[in-house]
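Hello,

Here is the structure we are handing over to you. Please keep it open while you read the notes below it.

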Amino acid sequence: MKTILKIIGGLILLLVVYAIVAMLAFGDNYHYEKSVVMNAPKEKVWQQISTMKAFNEWNPWMKLDKNMKIIYTGNSGEVGDKYCWDSKNDDAGAGCQEIKELIPGDKQKTEMLFKRPFAGQAISDIVLTSEGNSTKVTWSMDTKQETWMKIMRPMMDYQMGKSYEEGLSNLKTLVEK
């Protein structure tokens with residue numbers, strides 16, 4: 001019994017030490033990005049990122065809830081083009097994403113406001129770079145993390161990696177048809 005208590009105590013101590021180190025080691029700013037080269041010209045890729053409706057054709061989070069309520073507002077393909085989602089599924093939650101900047105053929109910048117399951121804000125960029133007849137697509141996200149979220153950063157990196165890889169794969173399939 002004493003040995004089991006020592007093992008449990010040791011595990012708890014390791015978790016506490018990890019939490020303290022994570023809170024001190026990771027800054028408040030969180031950045032994630034992923035790039036993929038697609039065998040398609042920038043113009044074709046641009047068509048799939050320049051509006052919120054087109055973005056949602058390959059957005060990996062849209063599949064989390066087929067019954068998610070989506071409302072589009074603003075002028076499609078212009079700054080202010082926006083959609084809001086609301087799902088009963090906590091994995092999808094609720095929030096809005098709005099185009100804040102468009103550099104035609106090169107960059108789309110959006111702001112995301114999350115309402116549920118956690119409130120928060122993030123900025124996302126999708127940047128296109130020509131590489132011969134192909135296009136390099138770099139998708140990034142920046143946000144501030146609360147102290148308690150820093151503990152979850154390795155898991156967040158893993159989840160973001162899976163989601164961004166899926167989304168970019170969906171986009172690649174669309175533009176390489």
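Start with Asp125. At 13% relative accessibility, Asp125 counts as buried. Buried means under 20% relative accessible area, exposed means over 50%, and partly exposed is in between (1.4 Å probe, protein chains only).

Before going on, two notes on the source. This is a predicted model, so local features need pLDDT of at least 70 and side-chain atom pairs count only at pLDDT 80 or more, while totals for chains, interfaces and linings use all residues. Residues are numbered from 1 along each chain as its sequence is written, and side-chain values use heavy atoms, with hydrogens and water left out.

**Salt bridges**

Which residue does Asp125 meet in a salt bridge? The partner is Lys109, at 3.7 Å from N to O. This pair links distant parts of the chain: Asp125 sits in strand E6, Lys109 in strand E5 (residues 107–116), and they are 16 residues apart. Helices (H or I, at least four residues) and strands (E, at least two) are DSSP runs, numbered from the N terminus. Lys109 is partly exposed, at 21% relative accessibility.

A salt bridge here is a side-chain nitrogen of Lys or Arg within 4 Å of a carboxyl oxygen of Asp or Glu. Side chains of opposite charge can pair when their charged atoms come close. The whole structure holds 8 salt bridges.

Look at Lys100 next. Lys100 pairs with Glu98, and their closest N and O atoms are 3.7 Å apart. Lys100 is partly exposed, with a relative accessible area of 40%. Glu98, Lys100 and Glu111 are linked in a network of salt bridges.

Then find Lys172. Lys172 forms a salt bridge with Glu176, with 3.1 Å between the closest N and O atoms. Both ends are partly exposed: Lys172 has a relative accessible area of 27%, and Glu176 is at 33% relative accessibility.

**Aromatic pairs**

How many aromatic pairs does the structure hold? There are 10. The rings of Tyr32 and Tyr164 have their centres 5.5 Å apart and their planes at 90 degrees, so this pair is edge-to-face. Tyr32 lies in strand E1 and Tyr164 in helix H5, so the pair ties together parts that are 132 residues apart in sequence. Tyr32 and Tyr164 are both buried.

Compare Tyr72 and Tyr83. Their ring centres are 6.0 Å apart and the planes are at 40 degrees, so the pair is tilted. Tyr72 is in strand E2 (residues 69–73) and Tyr83 in strand E3, 11 residues apart, and the pair links distant parts of the chain. Tyr72 is partly exposed, at 30% relative accessibility. Tyr83 is buried, at 3%.

The cut-offs are these: rings of Phe, Tyr and Trp (its six-membered ring) pair if their centres lie within 6.5 Å; planes under 30 degrees apart count as stacked, over 60 as edge-to-face and the rest as tilted. Tyr32 and Tyr164 also belong to one aromatic cluster, together with Phe55, Trp58, Trp61 and Trp139.

**The core**

The largest nonpolar core has 30 residues. Ile126, Val137, Met141 and Leu171 have the most contacts inside it. At least two residues of this core come from each of E1 (29–38), H2, H3 (52–55), E3 (82–86), E4 (94–103), E6 (120–131), E7 (134–144) and H5 (153–175). H5 gives the largest share, 6 residues. A nonpolar core is a set of buried Ala, Val, Leu, Ile, Met, Phe, Trp, Tyr and Cys residues joined through side-chain atoms within 4.5 Å.

Zoom in on Val137. Leaving out residues up to four places away in sequence, Val137 touches Lys34, Ser35, Val36, Met38, Val45, Ile126, Val127, Leu128, Leu168 and Leu171. A contact means heavy atoms within 4.5 Å.

**Helix H2**

Which residues of helix H2 (residues 42–49) are buried? They are Lys42, Val45, Trp46, Gln48 and Ile49. They cover an arc of only 160 degrees around the axis, which puts them on the same side of H2. The arc is that of the directions from the helix axis to the C-beta atoms. Glu43 and Gln47 are exposed on the other side of H2.

**The whole chain**

The protein chain has 5 helices and 7 strands. Along the sequence they follow the pattern α-β-α-α-β-β-β-β-β-β-α-α. Of the 177 residues, 38% are buried. Among contacts between residues at least 6 apart in sequence, 53% join residues at least 24 apart.

Best wishes
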